[in-house]
Amino acid sequence: MQSYYVTTPIYYVNDEPHLGHVYTTVAADVLARHQRLYGLDAFFLTGVDEHGQKVQQAAEARGIAPIELADQVVERYRALWPKLSISHDDFIRTSSERHQQAVQEMWRRIDASGSMYKGFYEDWYCVPCETYWKETQIKEAGCWDDEQTKHLCPDCKRPVERVQEESYFFRLGDYQQALLDHIAKNPDFIAPVSRRNEVVRFVEGGLHDLSVSRTTFSWGVPVPGDDKHVVYVWIDALTNYLTGLGFPDKDVSQYWPADVHLIGKDILRFHAVYWPCMLMAAGIPLPRRVFAHGWWTVEGEKMSKSRGNALAPDDLMARYGVDPLRYFLLREVPFGQDGDFSHDALKQRYNSELANDLGNMLNRSLSMLQKYRDGIIRHTGVEMSGDRALIANVEAMQREVHEHLQQQAFHLALERINEVVRHGNRYVEDNAPWALARQGDDERLDTVLYHLVEMLRLVTLELTPFMPEKAAAMLEQLMNASVSVDGLRMHELGGWGLLTDGHQCARPEPVFPRMDE
Ligand code: MSP
């Protein structure tokens, strides 16, 4: 069976889960569910990033051990994902024994390639971002303060610290040309294109050797053979993508190279520069694709702890339900671009596309079927050109949705599905089943109702990855049976015309009640 491997970033345990974390994880879930629906053996990995100075300091501030802090926060993620219908196959904790072994093996392999050396490190460090900065980088960003020593992090604008210590270095610069060649040969490697260009410019600007160990804190994976040092958090964190597959003990080739690492734009450099260079050094194939999505603002403002406007996933789910939230996140903003979360926008999107278009379509079709035919489908086999146009649109939609999702173009996939729904609504108007019933044109009425229900069945199948609960509710009415969306497969169910003659549909129940504006 063909396989598929999708990952999310692993989330820091010094923060509560928020909308940004939900976004990537839902996106990855849709890809995994879609690939499973299309018959692939999909593996979906998420987890938490527990090590580093930030977590150690946060734990110290509370007077607890880092592992205790991690244990607390990790539960919030573990509890959240099932509530959001996230179907991950594994959950990584970087504090686990299996991960420590993977990181140490990764270290040994990089070391064995001759790409590691011990030196002396002197630089600026941003604790919150876990990022080192060169004086020149801080100056270029206009964050250098000539008067005092309070220089700021070019990314987050918080003060950076001077650090000076013995460190291991990774010869990142040795891989500069190989990385540029790889990017040139694999145009799909970094997406969207604007991000690829950004990475190319950065790499062409020259790659410096990278400090990859620390001695100033201990909350991390010890460097093999030199446990005064802990492994730099990003080598530690990035290796999780292999740990999840059982590296180094198991053969990872069933799923590796990953089909896509989904990440936010702020961690692009780590995934599209450091990670591939590390993998090249370790002799491991590179992931097929890194997709950097944009950031959400909330009602036009940056989401942050200090503003207190970070959206808590539990509140959003309580207010809107899981599936409307999943739908909105992927429909509202093209994946890759920044977007704004507004409560009004969510309600508008929901009311117009789900309550009005899709929900009504289901409701009116099943109502008419009940009213005129006691809920029973007849397969007349007689088609007119309008019927064939609807079928052709559904079949084209199936192909195009798949193509869009191969490119992580979630909003286009949903828009393409909605196009069929709108076509269905026009089809109802054009064929006026109520008039056919009045005229006693039974054959034509049966044909029209058949096409409506079959169209709805195939549209709903495509929606299962996006809205697993709502789609199950829709399918239960259409199939008049309980449905588990996890086991559905397109090669068994995706063909037009599989609804059998005499099939009985259930009575309609509203699936998408209107939300108050
Ligand atoms: N631990 C690292 C990732 C290591 S992956 C090997 C990390 N963690 S994080 O918890 O800070 O961030 C996780 C993800 O959340 C990032 O991809 C980041 O882009 C995303 N987001 C954080 N705020 C966001 C928004 N406001 N909007 C969208 N995504 C955002 O970085």
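This report describes the ligand site, the aromatic contacts and some local backbone features of a predicted model.

## The ligand and its shell

The ligand is surrounded by 23 residues. The closest of these are Ile 10, Asp 49, Gly 264, Asp 266 and Trp 296. Sorted by kind, the shell consists of 13 nonpolar, eight polar and two charged residues.

Several elements contribute at least two residues each to the shell: strand β1 (3-12), helix α1 (19-37), helices α8 (233-238) and α9 (240-243), and strand β12 (260-264). The largest share comes from β1, which gives four residues.

A polar side-chain atom of Asp 266 is 2.4 Å from a ligand oxygen. The backbone takes part as well: a polar backbone atom of Tyr 12 lies 3.1 Å from an oxygen atom of the ligand, and a backbone N or O atom of Trp 296 is 2.9 Å from a ligand nitrogen. On its own the ligand would expose 670 Å², and the protein buries 94% of that area.

## Aromatic pairs

The model contains 27 aromatic pairs. Such a pair is described by how far apart the ring centres are and by the angle between the planes. Two of the pairs are set out below.

| Pair | Distance of centres | Angle of planes | Arrangement |
|---|---|---|---|
| Trp 256 and Trp 275 | 6.2 Å | 80° | edge-to-face |
| Trp 296 and Phe 341 | 6.3 Å | 65° | edge-to-face |

Why does the pair of Trp 256 and Trp 275 count as edge-to-face? The planes of Trp 256 and Trp 275 stand at 80°, and an angle over 60 degrees places a pair in that class. Trp 256 sits in the loop between α9 and β12, while Trp 275 belongs to helix α10 (residues 268-282), so this pair ties together parts that are 19 residues apart in sequence. Trp 256 is buried, with a relative accessible area of 5%, and Trp 275 is buried at 0%.

In the pair of Trp 296 and Phe 341, the planes are at 65°, so this pair is edge-to-face. Trp 296 is in strand β14 (residues 296-298) and Phe 341 in strand β16 (residues 339-341); the pair therefore ties together parts 45 residues apart in sequence. Trp 296 has a relative accessible area of 6% and is buried. Phe 341, at 0% relative accessibility, is buried.

Trp 296 and Phe 341 are also members of one aromatic cluster, together with Tyr 23, Phe 291, Phe 328, Phe 335 and Phe 410.

## Charges over rings and a buried histidine

Charged side chains are placed over aromatic rings as well. The charged end of Lys 139 sits over the ring of Trp 144, at 4.9 Å from the ring centre. Arg 214 lies over the face of Tyr 125, with a distance of 5.2 Å to the centre of that ring.

His 51 is located in the loop between β2 (41-49) and α2 (53-62). Is His 51 buried or exposed? Its relative accessibility is 4%, so His 51 counts as buried. The side chain of His 51 is joined to that of Asp 236 by a polar contact of 2.5 Å.

## Backbone features

The loop between α9 and β12 holds Pro 248 and Pro 257. The peptide bond from Phe 247 to Pro 248 is cis, with omega near 0°. A cis peptide bond also joins Trp 256 to Pro 257, where omega is about 5°.

Ser 85 is a residue other than glycine with a positive phi, near 60°. Ser 85 is found in the loop between α3 (66-83) and β3 (90-93) and is buried, with a relative accessible area of 11%. Glu 299 has a positive phi too, near 45°. Glu 299 is in the loop between β14 and β15 (301-302) and counts as partly exposed at 43% relative accessibility.

Finally, Ala 473 belongs to helix α18 (residues 468-479). With 28% relative accessibility, Ala 473 counts as partly exposed. The C-alpha atom of Ala 473 is 8.9 Å from that of Glu 509, a residue 36 positions away along the chain.

Conventions: Residues numbered from 1 in each chain as written. Predicted model: local features only at pLDDT ≥ 70, side-chain atom pairs only at ≥ 80, totals over all residues. Heavy atoms only, no water. Near = heavy atom within 4 Å. Polar contact = N/O pair within 3.5 Å; in protein donor to acceptor, adjacent residues only side chain to side chain. Areas by Shrake-Rupley, 256 points an atom, 1.4 Å probe, with all protein chains shown as cover. Nonpolar A, V, L, I, M, F, W, Y, C, P; charged D, E, K, R; others polar. Buried < 20%, exposed > 50% of the residue type's maximum accessible area, 1.4 Å probe, protein only. Phe/Tyr/Trp six-rings, centres within 6.5 Å; stacked < 30°, edge-to-face > 60°. Lys NZ or Arg CZ within 6 Å of the ring centre and 35° of its normal.
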